[in-house]
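This report describes a predicted model.

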Amino acid sequence: MKLKIGITCYPTVGGSGVIATELGKMLAEKGHEIHFITSNVPFRLDVLHHNIFFHQVSVNQYSVFQYPPYDIALASKMAEVIKREQLDILHVHYAIPHAVCAILAKQMAGTDVKIVTTLHGTDITVLGYDETLAEAIKFGIEKSDSVTAVSNALKLQTNEVVNADKEINVIHNFIDERIYRKVEADHLKQAYGIQDDEKVIIHVSNFRKVKRVSDVVAAFAKIATAIPAKLLLVGDGPEISRLCKLVKELNIEDKVLFLGRQDHLEELYSISDLMLLLSEKESFGLVALEAMACGVPCIGTNVGGIPEVITDGYNGFICKLGDLGEISKKALSLLQNDSLLQEFSYNASITPLERFQSSMIVDEYEKLYESLMQSV
Ligand code: GMT
């Protein structure tokens with residue numbers, strides 16, 4: 001069954017935007033007609049495909065408005081696209097505001113378009129506790145035709161925090177295996193001044209407080225007292241200045257490279273030996289899956305969906321949040337044992353194929369859409 005599917009996500013850098021865009025691209029390749037309805041072209045929408053269309057939401061700033069009415073403009077644009085393109089499905093990523101906008105748009109359009117909402121984390125793990133938004137999140141979930149969460153942990157937490165009268169399906173995240181694989185990038189080591197005997201540790205995030213990048217830096221400082229090593233910090237965000245100070249205080253400025261936002265992460269993963277993802281909130285941890293696909297084992301915290309991605313003692317280790325002693329000890333147990341590192345690296349590289357294969361996950365979404373179409 002070929003469907004007309006609208007997709008709304010945050011188009012800026014972030015795992016939810018990546019998943020929404022990659023899903024749209026793969027569905028388009030399978031013959032579905034995809035309509036992105038977003039404020040800007042999603043950053044990963046870097047292909048021209050005859051089945052992909054983009055509808056921009058623009059918000060006018062009139063002086064009578066204290067705040068620009070983005071949510072209303074989005075709902076209005078969704079309604080226009082639902083009617084004109086006769087959408088079968090509107091798949092929104094995040095309950096707030098996207099699911100609520102989609103419900104309003106469906107009413108405006110007066111059609112039976114089916115609304116699918118995917119929960120990615122922050123809407124539940126942060127906003128769910130905000131009393132000013134709790135009712136809207138519950139409404140967005142209950143009035144969607146179907147709701148998915150990216151991990152079992154997020155499903156459980158949503159049931160606890162929101163207590164919505166709605167069954168939630170878990171559909172894990174995936175990566176495009178054609179892009180995330182080990183590639184030849186040794187020239188980068190030379191360019192970044194990384195010596196042959198140095199191990200490379202990588203962290204990729206949006207440097208928000210919840211990512212605990214200060215723990216990454218502090219754990220690295222411990223590791224670097226035992227072995228020659230470099231730390232690649234990839235991404236940008238509110239914590240950067242504080243981290244620069246910490247790196248100076250720890251006297252490891254010559255070992256830490258702040259690379260800022262980067263594309264072609266597969267090249268940076270391919271020169272790395274280990275990823276650290278030490279967040280205090282993380283509903284899935286897409287960067288860990290990306291790194292593993294390129295053969296990089298990961299050490300993550302026992303938080304949210306991270307243990308669903310990293311299998312302790314197989315493709316990495318799971319450590320207690322903030323336990324820098326355990327984290328650095330586990331890191332060294334890998335980095336100082338070449339055969340174990342090789343074994344973990346191999347296990348990491350097959351993890352996407354074993355449990356998160358894109359074709360399997362895209363199929364799950366397709367089946368979900370089809371079941372909704374049959375319930376007409
Ligand atoms: O982690 C962030 O701050 C970004 C956020 C997003 O909106 O992209 O990521 C969330 O969704 C990703 C894709 O499903 C997950 O991999 C991240 O774990 C999740 N972040 C949090 O739960 C904090």
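## Domain arrangement

Taken over C-alpha atoms, the centres of domain 1 and domain 2 are separated by 31 Å. These are the two parts into which the protein is divided, domain 1 covering residues 4-174 + 357-374 and domain 2 covering residues 186-355. Their contact takes 14 residues from domain 1 and twelve residues from domain 2.

On the side of domain 1 that touches domain 2, helices H1 and H6 (152-161) each supply at least two residues, and the largest share, three residues, comes from H6. By class, the residues on this side of domain 1 divide into five nonpolar and nine polar, with no charged residue among them.

## Surroundings of the ligand

The ligand is surrounded by 19 residues, of which Gly14, Gly15, Ser16, Gly121 and Ser283 are the closest. Both domains take part in this shell, since at least three of its residues are drawn from each of domain 1 and domain 2.

Among the helices, H1 (15-29) and H4 (122-125) each supply at least two residues of the shell around the ligand, and H1 gives the most, with three residues. The composition of the shell around the ligand is five nonpolar, eleven polar and three charged residues.

## Packing of H2 and H3

Helix H2, which spans residues 70-85, packs with helix H3, which spans residues 95-109, at an angle of about 50 degrees, and the axes of the two helices are 8 Å apart. Because of that angle, H2 is oblique to H3. The crossing of H2 and H3 is right-handed.

On the H2 side, the residues that meet H3 are Asp71, Leu74, Ala75, Met78, Ala79, Ile82 and Lys83. Their counterparts in H3 are Pro97, Cys101, Ala102, Leu104, Ala105, Lys106, Met108 and Ala109. Classified by residue type, the contact of H2 with H3 holds twelve nonpolar residues, no polar residues and three charged residues.

Notes:
Residues numbered from 1 in each chain as written. Predicted model: local features only at pLDDT ≥ 70, side-chain atom pairs only at ≥ 80, totals over all residues. Axes fitted to C-alpha atoms, helices over the stretch in contact; angles between N-to-C directions. Helix = DSSP H or I, 4+ residues; strand = E, 2+ residues; numbered from the N terminus. Parallel < 35°, antiparallel > 145°, perpendicular 65-115°, else oblique. Left-handed = near helix turned anticlockwise from the far one by under 90°. Contact = placed C-beta atoms within 7 Å. Nonpolar A, V, L, I, M, F, W, Y, C, P; charged D, E, K, R; others polar. Near = placed C-beta within 6 Å. Domains from an automatic or database assignment.
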